[in-house]
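Hi,

Here is the structure I promised to pass on.

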Amino acid sequence: MNIFLAVLASQKEQNRGDGLPKESSPFINSSAADSVDKSQQYDGKTMALFEEEMDTSPMVSSLLSSLANYSNLPTGSKEHEEAENNEEGARPSKKPVKAPQLGTLIGVYLPCIQNIFGVILFLRMTWMVGVGGVFGSFIIVFMCCSTTMLTAISMSAIATNGVVPAGGSYYMISRSLGPEFGGAVGICFYLGTTFAGAMYILGCIEILLIYILPQAAIFKIEGLEGPEAEEALLNNMRVYGTIVLSLMSLLVFVGVKYVNKLALVFLACVILSIMAVYAGVIKTAIDPPVFPVCLLGNRTLMSKGYDICAKVMDIDNETVTTKLWRTFCDSDSLNATCDEYFNNNNVTEIQGIPGVTSGILAENLFGNYLEKGMFLEKRGIASKADPDSPPPGSNRYVLADITSFFTLLVGIYFPSVTGIMAGSNRSGDLRDAQKSIPIGTIAAITTTSIVYMSTVILFGACIEGVVLRDK
C-alpha cells in the first residue's frame, strides 16, 4: 500500500507543470526532454488546424476591414496629408485657401446649358425632322433625353451620398466603384470631348462657308456638283479647321480664367439664337416670309438653275423661253427638243416656309427616309416619269446626299444631349456641391429637353418638307 501511494505521488509531481491543464507533450513518440522543450516553445500559442492556409488566404473579417479603410489616394499621399495636418501652425509661404463661392445657377445650371446646346440644333435638327418626321424625331429626342436624365439621377444619388470635394464626376465614380471604373470613365469622357470639339469646329466652318461668307472659301465650291463639291468643302474644312483649332489651343494656354469669361459671351449668343427661333415661329404666324421653292412635277429644282419658276413667259405680247427652259432643252426656241420629264410635267411654285398656321404639320408628321441620290419629292403632287428615260443631270434637281435611316438619326442627334457633367466637374468651386449638382444638372436637362422637343414640333409645323430634307 505504501509503495502504491509513493508511485502516485511521483506521477503527480511530474504532471504538475504551471497549473494549466495541458498535455505534457504535443507530439507523439517524443522523449521527456523534447517534451519539455516543445512545451516551452508552444506555450501560450493556439494550435490551429490549417495554419498555412490562413496565412495565404485572409479571413473575411480582414477583407472587410481592408475595404472599409480603402482610399483612392495614391501611395504616400495620405500620409503626406496627415503629416501636413499635424504640423503646428500654417507655413508662412502657404497661401490661404479661398472658399468656393459658385452657386447652383452660375456653377452648374448655366455650364450644363452651354455644353448641351450645340451645333446639331442649328444645322441638323431641321433635316432630322424632315427625314424622320415629327413623330419619329420626337421619339429620338425623347429617348436620348431620357437616357441623360437617368444618368443625371444616378449621378445625383452618388453626389448626395457623401461629401463631394474637388474632382467632380471622377471622384464620385472612383469613390463608389473604384479607381479602375473612374479611370475608364475618364478616358471615355476625354475621347468624347475630343470628337465633340472636332464636330463643333466643322459645324462652325460649314456655317461660315455655306451660309455667312461663301467668298471666304479657299477651294472654290461655286459651280461644283457631286463629289467635286464635297472634296472642295472637305479641303476648306481641313484648312480652316486647323486655324480654328490653333486659336482655341492658344486661348486655352493663355488661361482658364479667360475661357470662363468668354464662355458667358458664347452662352449669351446661343440663348439669343434659340430665342430667335421662337421669335421666327411667331413671325410666321403673323406674316409668313417669302421663300419660293420651284417644283417640276413633284421634284425639287435647284434654285441656281433658273431665274423665274416658269417654262415660258410673256414679254410685250411675245412668248419667250426662260433659263429653266434652256436647262432642260437643247435651244431657246419653242420647238426645241426637251427632256421627257420636262415635257410631261408642269412647273409649280410653293412657299418653303408657309407658317405655323398653314397646317403643314400633318404632311410632315411621318418620316421620309431616302437613299443617296434620290430626288427630294413633295408629297401629294402627281408626276409623270418614264422609267425607260435616261437619268437626268444631277445639276438640275435637289438630291439626297446621304442614305438615311432611323439609327443614323439617333447617332447624329445624340451628341446634342451630352455635356451633363459640365457642372459636376466644377465641384471644387461650388459652395454646396451636394445641393447644386443634382438641382442644377436635372434642371438643365429638363430645360434643354423642352427646347429640343418643342423645336421638333415647331419646325415640322412651319417649314415645307422638301426644304427640311435639303441640308
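This is a predicted model: local features need pLDDT of at least 70, side-chain atom pairs count only at pLDDT 80 or more; totals for chains, interfaces and linings use all residues.

Three strands make up an open sheet in the order β2-β1-β5, and the pairing is antiparallel. Residues are numbered from 1 along each chain as its sequence is written, and side-chain values use heavy atoms, with hydrogens and water left out.

On terms, strands (E, at least two residues) and helices (H or I, at least four) are DSSP runs numbered from the N terminus, and two strands pair if DSSP finds at least two bridges between them. Strand β1 (residues 292-296) is joined to β5 by 5 bridges. Within that pairing, leucine 296 has valine 347 as its bridge partner, and valine 293 has isoleucine 350. On the β2 side, β1 pairs over 2 bridges, again antiparallel, and there leucine 296 stands opposite arginine 299. The hairpin of β1 and β2 has 2 residues between the strands, and glycine 297 takes a positive phi near 70 degrees in it. β1 is largely enclosed by the rest of the structure, because 4 of its 5 residues are buried (buried is under 20% relative accessible area, exposed over 50%, partly exposed in between, with a 1.4 Å probe and protein chains only).

**Aromatic rings**

Rings of Phe, Tyr and Trp (its six-membered ring) pair if their centres lie within 6.5 Å; planes under 30 degrees apart are stacked, over 60 edge-to-face, and the rest tilted. By that rule there are 7 aromatic pairs. One of them is phenylalanine 328 with phenylalanine 342, stacked at 4.9 Å centre to centre with 10 degrees between the planes. That pair links helix α13 (residues 323-328) to helix α14 (residues 340-344), with the two phenylalanines 14 residues apart. Phenylalanine 328 is buried at 4% relative accessibility, and phenylalanine 342 is buried at 1%.

Tyrosine 413 and tyrosine 452 form an edge-to-face pair, because their ring centres are 5.5 Å apart and their planes are at 80 degrees. Tyrosine 413 sits in helix α15 (residues 406-413) and tyrosine 452 in helix α16 (residues 433-462), so this pair ties together parts 39 residues apart in sequence. Tyrosine 413 is buried at 1% relative accessible area, and tyrosine 452 is buried at 0%.

There is also one aromatic cluster, formed by Trp325, Phe328, Tyr341, Phe342, Phe375 and Tyr397.

**Annotated segments**

The unreviewed UniProt entry lists several transmembrane regions, including 135-158 and 442-468; positions follow the numbering used here, feature names are shortened, and annotations may be inferred rather than shown by experiment. In the model, residues 135-158 are 100% helix and 0% strand, with end C-alpha atoms 35 Å apart. Residues 442-468 come out at 93% helix and 0% strand, with the end C-alpha atoms 31 Å apart.

Cheers
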